[in-house]
Amino acid sequence: VILVALFIAGIAIGTFSYQKLNILAEYSDTYIQRFISQRFESSFFSVVLNSFMESMLMLLILFTFGTSMLGVILAPFSLLARGVLYGGVTALLYSDYSVKGIAFNAVLVLPSAIILITALLLASRESVKFSLIIARMSLPGSSSFNLSVDFKNYCGRYLFITLLVLVSALADAVLSCSFMGSLKL
């Protein structure tokens, strides 16, 4: 619940600070231009590969955060930051492109983003849980134990989350190849 609240807070921050932060406005504009250029007249497999690899970068970062004690703080913070970026992109689409931006967001961005956000929330939860196990082991007076079973479970859960990211990339490719021509900004 806390992770979802942080992500929603990030979206709100990004939406309301979009006009005030030039860096966020520039990122949002660059993201939309890159989003369109990577998908317009691209093959299905090219879109799947680009979308999957871009999403896996964030998943890899969350996985790495989970293997350190700082993951308790960094994993939720990365969700907040991702929410700010999503909020900025949405604010740009709605403010600069009005109805066409709303349609673009609803048809091309949002469906695959919902699947990806679910995957990132699950990944962040797993990272925080594993990071807490590591942090508890490092406290003075705590007994040490073998983390191999916990780490195998952690990796197994991330494999499942990777499948969600793949579903998100497939949904992105299907929607982009079907509707990008008619909804290009």
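**Salt bridges between helices**

At 30% relative accessibility, Glu54 counts as partly exposed, and in this predicted model the residue forms a salt bridge with Arg34, the closest N and O atoms being 3.7 Å apart. Because Arg34 lies in helix H2 (residues 22–39) and Glu54 in helix H3 (residues 44–66), this pair ties together parts of the chain that are 20 residues apart in sequence. Arg34 is likewise partly exposed, its relative accessible area being 30%.

The side chain of Glu126 meets that of Arg157 in a salt bridge with an N to O distance of 3.5 Å; since Glu126 belongs to helix H4 (residues 71–138) and Arg157 to helix H5 (residues 148–183), the contact ties together parts that are 31 residues apart in sequence. Glu126 also forms a salt bridge with Arg125, at 2.8 Å from N to O. Both arginines are partly exposed, with relative accessibilities of 40% for Arg125 and 38% for Arg157.

Of its 185 residues, 38% count as buried, and among contacts between residues at least 6 apart in sequence, 84% join residues at least 24 apart. The chain carries 11 positive and 8 negative side chains, the centres of the two sets lying 9 Å apart.

Conventions:
Residues numbered from 1 in each chain as written. Predicted model: local features only at pLDDT ≥ 70, side-chain atom pairs only at ≥ 80, totals over all residues. Heavy atoms only, no water. Buried < 20%, exposed > 50% of the residue type's maximum accessible area, 1.4 Å probe, protein only. Contact = heavy atoms within 4.5 Å. Lys, Arg positive; Asp, Glu negative; His and termini not counted. Charge placed at Lys NZ, Arg CZ, Asp CG, Glu CD. Salt bridge = Lys/Arg side-chain N within 4 Å of Asp/Glu carboxyl O. Helix = DSSP H or I, 4+ residues; strand = E, 2+ residues; numbered from the N terminus.
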